[in-house]
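This report covers the pockets and the sheet of one structure. The sequence and the model are shown below.

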Amino acid sequence: GPNRMYDRISPFYLALTLALDGWILALCRIKIHVEGLEKIPTDSEFLFVSNHRSNFDPMVQWWVMRRWPLAFVSKPSNMRKFVIGPFVRRCCFLPIDRENARNALTTINAAANLIRAHVCSFAIYPEGTRSKSGELLPWHAGSLKIAQKANVPIVICSLVNSRAILRNMFRKHTEVWLDVLDVIPAEELAGKTTIEVGERGHAVME
């Protein structure tokens with residue numbers, strides 16, 4: 001079912017989905033410029049936080065981050081999409097219903113448990129939806145609780161020009177910039193509210 005959660009990543013589905021991801025990015029002629037990967041922790045899992053501009057965002061980021069086991073927290077409808085939904089669920093992607101506090105807390109706890117078990121790191125879009133204006137939207141800070149519960153750092157990333165991918169598709173290549181901006185160490189998250197953490201992350205990303 002679309003709400004089923006898995007406690008490990010399937011190597012088969014991971015390889016298949018990554019191959020499909022890379023093929024789609026190549027077909028769409030996307031050129032990705034990356035900076036700051038050296039800032040990402042190599043000795044622990046983390047919470048990966050980014051702005052959100054396009055449906056291509058997770059595809060670009062998952063491909064760039066393929067050296068690290070990474071799963072996304074996403075809206076429930078993405079988990080029900082034909083073909084791709086079952087694939088990403090087997091890669092430990094989790095649905096989050098922001099309109100249902102109890103279900104959202106279940107997802108937050110499940111993500112923290114997978115991080116603590118060293119299964120994978122997690123990625124979230126704290127804006128909660130794609131920004132159609134291009135401006136950074138206010139953050140829903142509750143999902144940052146994943147990092148505090150799992151006692152891991154937060155990696156802050158910005159993605160630029162992914163909105164142009166759909167417009168340019170099959171006509172010309174699109175250049176996209178992914179920059180790892182900052183890492184908030186786990187010890188700096190202790191004792192802070194998610195609102196305080198969100199304000200810091202939002203300011204860095206803005």
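Which residues lie nearest the centre of the largest pocket?

## Largest pocket

The model is a predicted one. Asn 55, Pro 58, Ser 74, Asn 78 and Lys 81 lie nearest the centre of the largest pocket, whose lining has 27 residues. The space in this pocket comes to about 820 Å³. By class, the lining residues are 14 nonpolar, 8 polar and 5 charged.

Several elements contribute at least two residues each to this lining: helix H1 (11-27), helix H2 (57-64), strand S3 (70-74), helix H3 (76-79) and helix H4 (84-89). H1 gives the most, with 4 residues.

## Second largest pocket

The second largest pocket holds about 180 Å³ of space. Its lining is made up of Arg 53, Ser 54, Asn 55, Phe 56, Arg 130, Ser 131, Lys 132, Ser 162, Arg 163 and Leu 166. Of these residues, 2 are nonpolar, 4 polar and 4 charged. Asn 55 is among the residues lining the second largest pocket, and Asn 55 is also one of those nearest the centre of the largest pocket.

## Sheet

The model has an open sheet of 7 strands with mixed pairing, in the order S1-S7-S6-S2-S5-S3-S4. Strand S1 (30-35) and strand S4 (94-95) are at the edges and have a single partner strand each, so one side of each has no neighbour in the sheet.

The partner of S1 is strand S7 (residues 174-184), and the two run in the parallel sense over 6 bridges. Within this pairing, Ile 32 has Val 176 in S7 as its bridge partner. Strand S3, which lies between S5 and S4 in the sheet order, also supplies at least two residues of the lining of the largest pocket.

Methods: Residues numbered from 1 in each chain as written. Predicted model: local features only at pLDDT ≥ 70, side-chain atom pairs only at ≥ 80, totals over all residues. Heavy atoms only, no water. Pairing = 2+ DSSP bridges. 1 Å grid on protein atoms, 1.4 Å probe; cavity = no way out; pocket = protein on both sides within 12 Å on 5 of 7 lines; lining within 4 Å. Points joined across faces, edges and corners; volume = space filled by probe spheres on them. Nonpolar A, V, L, I, M, F, W, Y, C, P; charged D, E, K, R; others polar.
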